[in-house]
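Open the model in your viewer and keep the selection tool ready.

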Amino acid sequence: MLKNYRSLTNNTTTMKKILFPHPLAKKGFFYSKSSRDDVNVPFVNLREAFEEKGYEFHTEVTGDLDSYEFIFFCNIFNDSFFARLLSRQMWRKDYEIFKKAIKLGLGKKIVTLLYEPDLILPCNFKLSNHRDIGTIFTWKKELVDNKKYFHFYHPFGGEVGLKKNIDFDKKKLVMSISGNKFSSNKGDLYSYRRKTINFLNKEFANDFDLYGVGWSDNGLLKNIKRFIRHRQFNFTKYQTYRGSPEEKSKVISGYKYCICYENARYEDFITEKIFDVFINESVPVYFGAKNISEYVPKNTFIDREDFNSDSELMAYLSKVDKNQYMEYIYNINIFLDSEEFRKFGPKYFVKNIIKTLGLANND
């Protein structure tokens, strides 16, 4: 367990303070738990847990930085000239707070959650960037030493148990709900996802629906920007595009299968995507973590890696009968009631952070 740093603070007030200055912190920690797809639930719960421990939870600096017992950040900041310029343009005050905390020698108070993988944010796993940080939570188990580096599961806040009970024969075959994203880094799964979506859009238009942001914006100006930034473009017109739903739960349950590809492929990197599908009574077609079956039973999802092509995948999905399909749903429900699934939940997320920071004495 990490040493409790309460003795390091010079705060003269009786109220202890936590700082989490992320630009989305006000929304993430204080909005209603019924927010879009319940993504805020783990963070609302984290704030509440700190408050129960007697802490004021701040998203903006009040007083001296040294008055905070812990200062939280999500991911590592890219310190390149263009990244710093972009941070200022986006009013990323947390970058300036991070630099100031380091300059003041407050690194031991800094707690960083490394959400994004190397491919999306290479600076996250450049070890020299970690030198002055006191505590780092990461999904990458190879770094974990339980001294500076601690493991955490990407928290999932979705509610389990709201059954829709849509009959197998009334469900459409397959859907995807994701953003039309690009990356210039080799090995991303954005392009792999688009390849499957493009195939389904062209060859299975009657059996496939596409949801998410950015799919209708494939004009010339947009593609010029994409090419400048990523050396890629996409002029495809998606006849299967159905818009961006307010909540995933309103659409996923109407389909037998959901294309569920992570943004990048690493061992142990598992995000909310597969669980969004599980709780909405659909079966994921998963491609992502190489060791996914160590976390999620293989009898609960379709593994894209088992098929040589999208054509082969669709041939399989098309022939699965009701009994076979309901066996997947049965196995999913067993998993959702398991301790292994609860490790991805908000309670485990909060308990892990509180315990690691040495604040669980009275629990």
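Select Ile18: its bridge partner in strand 3 is Phe70. Strands here are DSSP E runs of at least two residues, and helices are H or I runs of at least four, numbered from the N terminus. Two bridges join strand 1 (residues 16–19) to strand 3 (residues 70–74), and the two run parallel. Strands count as paired if DSSP finds at least two bridges between them.

This is a predicted model: local features need pLDDT of at least 70, side-chain atom pairs pLDDT 80 or more, while totals for chains, interfaces and linings use all residues. Residues are numbered from 1 along each chain as its sequence is written, and side-chain values use heavy atoms, without hydrogens and water.

Six strands form an open sheet, ordered 2-1-3-4-5-6, with parallel pairing. Its edges are strand 2 (55–58) and strand 6 (149–151).

Next, helix 2 (residues 41–52). It lies across strand 1, strand 2 and strand 3, at about 145° to strand 2. Angles run from 0 to 180 degrees between N-to-C directions, with axes fitted to C-alpha atoms, for helices over the stretch in contact.

Move to Arg304, in the loop between strand 11 (302–303) and helix 8. Is Arg304 buried or exposed? Arg304 is buried, at 3% relative accessible area; buried means under 20%, exposed over 50%, partly exposed in between (1.4 Å probe, protein chains only). Its contacts (heavy atoms within 4.5 Å) beyond four places in sequence include Tyr192, Tyr261 and Leu313.

Finish at Phe275. Beyond four places in sequence, Phe275 touches Phe156, Ile270, Val296, Phe335, Phe341 and Phe344.
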